[in-house]
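This report looks at charged pairs and at a piece of the surface. The sequence and structure are shown first.

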Amino acid sequence: MSQQDTTFFNESGFVMHSQSILPQIKSEDATIPVNAGATFHKIERPPHTLYEKIVYALDILIPPEEAEDMEVPAGYYLQKVVFGKKWNYRIAKDKDSLIPQYLTDHKELETTYQVLVEKKTALPLFDSTSKFLKRWDTLALVLLLFTAIVTPYEVAFLASDGAPTVDILFLVNQIVNLVFLADMFIQMRTPYRDEETGQFVNDGREIAMKYLSTWFTVDLLSTIPWELLGFIQSGSNDLNTLRLIRLVRLVRLLKLLRVLRASRKLRQWQVYINVRYASLQMIQLAVINIFIVHWLACGYRLAAQQQTPDQEIGWDLRLSNNAGYSLDPFVLYIAALWWSSGIVGLVGPNYDLMNPSNDREWGYAFFANFISYLSALYFIATLSDVLSISNRNKRVHDLLVDNYLEMFDKLKLDVKIKIKVHNYLSEHYAMAAQSEYTNMLHKLPPQLHGFISMEIFIDFLSQIPFLEVFIEREPFMMQELCRNVQIKSYAPNNHVFSEGYEGIYYLERGTVAIEGNIYTCGMVFGRSVLRENNKQMECRALTPVTVHVLTRSYLLEVLSKHPKIRYYAKRWTVWAVLRKYLRAYASLYYTAARRGAAIHPPLLSKRPFLKDGEYDDIDFAVMDHLAEVGF
């Protein structure tokens, strides 16, 4: 006997060491462990970190005693678990150890297991789905609208040639600058979706590099407080100073580059606002045209201003001279707005005082007309695209109806037949659009399809007694059943089924009739569909109907993977049908007994679809009942 270091493993499989005494058998060649088939493996320890080297060298801490080898039992193998720059060892079970070796030669043991470790940074990343980021994007959109509206108006109609005035508007502009400066930091720490892989990138370095190579320059130019450069003027009114001040005023228009952020914010908000593509495109088109009119109006005011005293006056001074007094900036803005709306509408202004009269105004008018032509082309193209997408299915239906009407005209059919066919096609179009939802769900990935199907159909399955008890116990089975539920729609007077139950039905909308019984919205029928021989019956839609159907074939396919649950479902179905028969027989015998008739209940009754000497599941259930408890 000798004392040696033994390796134990906790529940997670990681290495634990303790000193113990192991019995060993000495031989001439080697030391053989008592556990037959066990082997010893040399293990490599990770190097000490700089901190560990220092504290061990100064005797602040004592390094732990670690074994150089590890005992691995038969049927197991040694696995190296790597997490970051550290690693450890655990014993993993060889699942193929009991299989003949010639069947597992092509397989390799997973001797190294890499643990994904999220890189921690000093500045945390923002959750792209958090409420904070959603509210921050809302604030950014509001400030973008403020910048797009106020900044051009301020530069064109409110700015003066002197030093900037520190007023409320000046302070608000500086607060907006600070908010957008903070937004730059948030954008640099927010995960983005990779266009090639479709996955979110959560590495802080990659996010920062992506932002620096794309939007950083634009955001930086739009965030610099250019209006502060106006304080550099020394109070002189020489021509060079005035030109510098006016240049600074124009540079402030670089803030409009912030509007480019709107596309990113809207893309992040697309899921939350829940607006369809056609509606969103029309809203964007209207907003773009409004801002084009606003910006062209402010630009026309800048083009009218004199750069030197010897230049010709612009339209603003001509309007003031014609009125006999200096016009208010807002009145000038309304006049410029009237001019720009005529340009964008491709009509053109017809007021002589507003028409261009100098080189500055003529040059700007040419630019405004060019922008107006481009916006008109964009408007027409977008409108055509939206109309073609929004009415695509309706147009296909109209063409189909037109083909039928053309055929009826050639065949010279009665007008009543035309009306019936037209009504049928209209109802079929509406029903087919709803039935298409099932195909759309099947196009999603299985996991996402299962999650959405559970949200939609779990209430339906909870009304099926032999499935309701397994909703929490067997979530994967319930998800698979939900994926197989179909959405079907039927027009009035059409058959939902005509040869007995084809599955279990949940009536989401409408009213149906089955053998004189009326079923309304929210009811479930067909629970006994697992019978070996279903009764011949038909179900007719009395109104436009939408049903959720779990077909018998899909149900049996899923239950075949769970034999015990299948047995329970079959047993419940048999007893449910048996109870129905017993209630019917009891009512019949009770009525006969009240009339004085002596009747012996024929529980083993003949069904029309059974031949002589044949029995079905109800007969067997009755015989089991008689054998167990008697009549």
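The sections below cover salt bridges and then a nonpolar patch.

## Salt bridges between helices

The model is predicted. Across the whole structure, a search finds four salt bridges. One of them joins aspartate 316 and arginine 301, whose closest N and O atoms are 3.2 Å apart. Aspartate 316 sits in helix α9 (residues 315–323) and arginine 301 in helix α8 (residues 277–304), so this pair, 15 residues apart, links distant parts of the chain. Aspartate 316 has a relative accessible area of 7% and is buried; arginine 301, at 12%, also counts as buried.

Another salt bridge pairs glutamate 361 with arginine 318, with 3.5 Å between the closest N and O atoms. Because glutamate 361 belongs to helix α11 (residues 359–390) and arginine 318 to helix α9, the pair ties together parts that are 43 residues apart in sequence. Both residues, glutamate 361 and arginine 318, are buried.

## A salt bridge within one helix

Lysine 410 forms a salt bridge with glutamate 406, the closest N and O atoms lying 3.7 Å apart. The two residues are four apart in helix α12 (residues 392–411), so about one helical turn separates them. Lysine 410 is exposed, at 64% relative accessible area, while glutamate 406 is partly exposed, at 40%.

## Nonpolar surface patch

Leu50, Tyr51, Ile54, Leu58, Ile60 and Leu61 make up a nonpolar patch on the surface, and their accessible area together is about 680 Å². Isoleucine 60 is located in the loop between α1 (50–57) and β6 (69–72). Its relative accessibility is 56%, so isoleucine 60 counts as exposed.

Key:
Residues numbered from 1 in each chain as written. Predicted model: local features only at pLDDT ≥ 70, side-chain atom pairs only at ≥ 80, totals over all residues. Heavy atoms only, no water. Patch = residues over 30% accessible without salt bridge, like charges linked within 9 Å, V, L, I, M, F, W, Y side chains within 5 Å. Areas by Shrake-Rupley, 256 points an atom, 1.4 Å probe, with all protein chains shown as cover. Salt bridge = Lys/Arg side-chain N within 4 Å of Asp/Glu carboxyl O. Buried < 20%, exposed > 50% of the residue type's maximum accessible area, 1.4 Å probe, protein only.
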